[in-house]
Amino acid sequence: EPYIAHPLSVAAILADLRLDLESIVTGLLHDTVEDTYVTLEDVRREFGDTVALLVDGVTKISQIKFRNSVEKQGENIRKMIVSMGKDVRVVLVKLADRLHNMRTIDFISNQEKKKRIALETLELYAPLSERIGMQQIKTELQDICFGILNPDIRESIVQRFKSIELESGQNKLIPQIINELQKTLEVQGLKAEVSGRKKTPYSTWMKMKQKNISIEQLSDIIAFRVIVNNVENCYRALGIIHTTYKMIPDTFQDFISTPKNNGYQSLHTVVIGPLLQKVEIQIRTYKMHD
Ligand code: MN
C-alpha cells in the first residue's frame, strides 16, 4: 500500500471519534517528522503552532522506550502523560495510530516482533485508553492482542461461545431479553433504554481468571445495559430487577457510590434473567454513559 494509506486511516479514526480539525490534521501528519525529510519547522510554517505542538508530542511518545513488564506499566503511563504536555489530543492521535497499526498487524511476518508489539499494546495502550475513557478502543486493542499473545486460549473461548449459542441460542435471544427487561421496568413505571451485546473473548478470559472458573463452567456470553435519566432511577431499576429475577450471589458491584479511577460509574449485577438465561446487567444514567 502507498505510505499515505496509514495516515489517512488514522485521520479517519479521529474523524469517527468526532475530534476537532487540528487533531485530524495531526493524524494526517503524525509520521512526517519521524519518517520524512519534513521538519517540525516546516509543519509549523504550513499548519500553525497548535498542529506543530501536537505532531511533536506524538513523535516524542513514539520515541519513549517502554519496558514491557507489568510493574512498570504505571510508570510508563505516567511518562506518556507527562510527554503529552498539556494537550490530551496528543494521546488521542497516538491511540488512533496504534489502533490502526494493530488492525494491520498481520502484515508483520516476524512473530517475535508481533508479540512484542501486542504485549506493549496490551500493557500500555489498552490501560491508557481505559484511563481516559476510550472504552471502544480499549476493547478492540485488547481483543486483537489476545489473539496474538494467547491464540489457543482465545480460540477455545470462541469455540465455547459457539457451543453455548447452539445449546441455548443465547445470541438469538438478545432482542427478546431486551424486550422483557424493558417491559418489566415499564410495568413499574420506569422508563429505560435497554441494549444488549455479546461479550468479547478477552473480557470473558479476564473474568474466568478473576473468578477462577473453567471453560466448561462458562455459561454467560451476553450482557445488557439499562440506561435511565437519573441516579435515583438506577437504584430503582436495580430494585425492580433484583425482585423480579434471581440474583447470582457475589456479583453485585456499585460503581456509582465507588467510581473506578477513570470516573466510570454504573451498577453491575448478574441475574437469572428473562427466559431463564444468566445475564450480566449494567445500570447507569445517560450522563454516566456519555
Ligand atoms: Mn503512524
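Helices (H or I, at least four residues) and strands (E, at least two) in these legends are DSSP runs, numbered from the N terminus. This is a predicted model, where local features need pLDDT of at least 70 and side-chain atom pairs count only at pLDDT 80 or more, while totals for chains, interfaces and linings use all residues. Residues are numbered from 1 along each chain as its sequence is written, and side-chain values use heavy atoms, with hydrogens and water left out.

**View 1. The whole chain.** The chain holds 14 helices and 6 strands, and its C-alpha trace spans about 65 × 40 × 35 Å along the principal axes. Of the 290 residues, 44% are buried (under 20% relative accessible area; exposed is over 50% and partly exposed lies in between, using a 1.4 Å probe and protein chains only). Take the contacts with a separation of 6 or more: 64% of them join residues 24 or more positions apart (contact means heavy atoms within 4.5 Å).

View 2. His-6 has 17% relative accessibility, so it counts as buried.

**View 3. Helix H7 against helix H8.** H7 (residues 89-103) packs on H8 (residues 111-131) at an angle of about 145°, with the axes 11 Å apart. The axes are lines fitted to C-alpha atoms over the stretch in contact, and angles run from 0 to 180 degrees between N-to-C directions. The crossing is left-handed, which is to say that the near helix is turned anticlockwise from the far one by less than a right angle. On the H7 side, the contact is made by Val-91, Lys-94, Leu-95, Arg-98 and Met-102; H8 brings Ile-117, Ala-118, Glu-120, Thr-121, Tyr-125, Leu-128 and Ser-129.

**View 4. Arg-98 of H7.** Arg-98 lies in helix H7, and with a relative accessible area of 9% this arginine is buried. Leaving out residues up to four places away in sequence, Arg-98 touches Ile-117, Glu-120, Thr-121, Tyr-125 and Leu-141.

View 5. The whole structure has 4 aromatic pairs. Rings of Phe, Tyr and Trp (its six-membered ring) pair if their centres lie within 6.5 Å; planes under 30 degrees apart count as stacked, over 60 as edge-to-face and the rest as tilted. Phe-146 and Trp-205 have ring centres 4.9 Å apart and planes at 20°, so they are stacked. Phe-146 belongs to helix H9 (residues 135-149) and Trp-205 to helix H12 (residues 201-211), so the pair ties together parts 59 residues apart in sequence. Both Phe-146 and Trp-205 are buried. Together with Tyr-202, they form one aromatic cluster.

**View 6. Phe-255 and Tyr-264.** Here the ring centres are 6.0 Å apart and the planes at 70°, so Phe-255 and Tyr-264 make an edge-to-face pair. Both residues are buried. Tyr-264 is placed in the loop between strand S4 (253-254) and strand S5 (267-272). Not counting residues up to four places away in sequence, Tyr-264 touches Phe-255, Pro-259, Gln-282 and Arg-284. Tyr-264 and Arg-284 are 20 residues apart in sequence, with their C-alpha atoms 9.9 Å apart.

**View 7. Val-270 in strand S5.** Val-270 sits in strand S5 and is buried, with a relative accessible area of 10%. Setting aside neighbours within four places in sequence, Val-270 is in contact with Lys-246, Met-247, Ile-248, Thr-251, Lys-278, Val-279 and Glu-280. From Val-270 to His-242, 28 residues apart along the chain, the C-alpha separation is 9.4 Å.

View 8. Most residues other than glycine have a negative phi. Arg-18 has a positive phi, near 60°, and is found in the loop between H1 and H2. With a relative accessible area of 75%, Arg-18 is exposed. Asn-212 has a positive phi of about 55° and lies in the loop between H12 and strand S2 (222-228). At 69% relative accessibility, Asn-212 counts as exposed.
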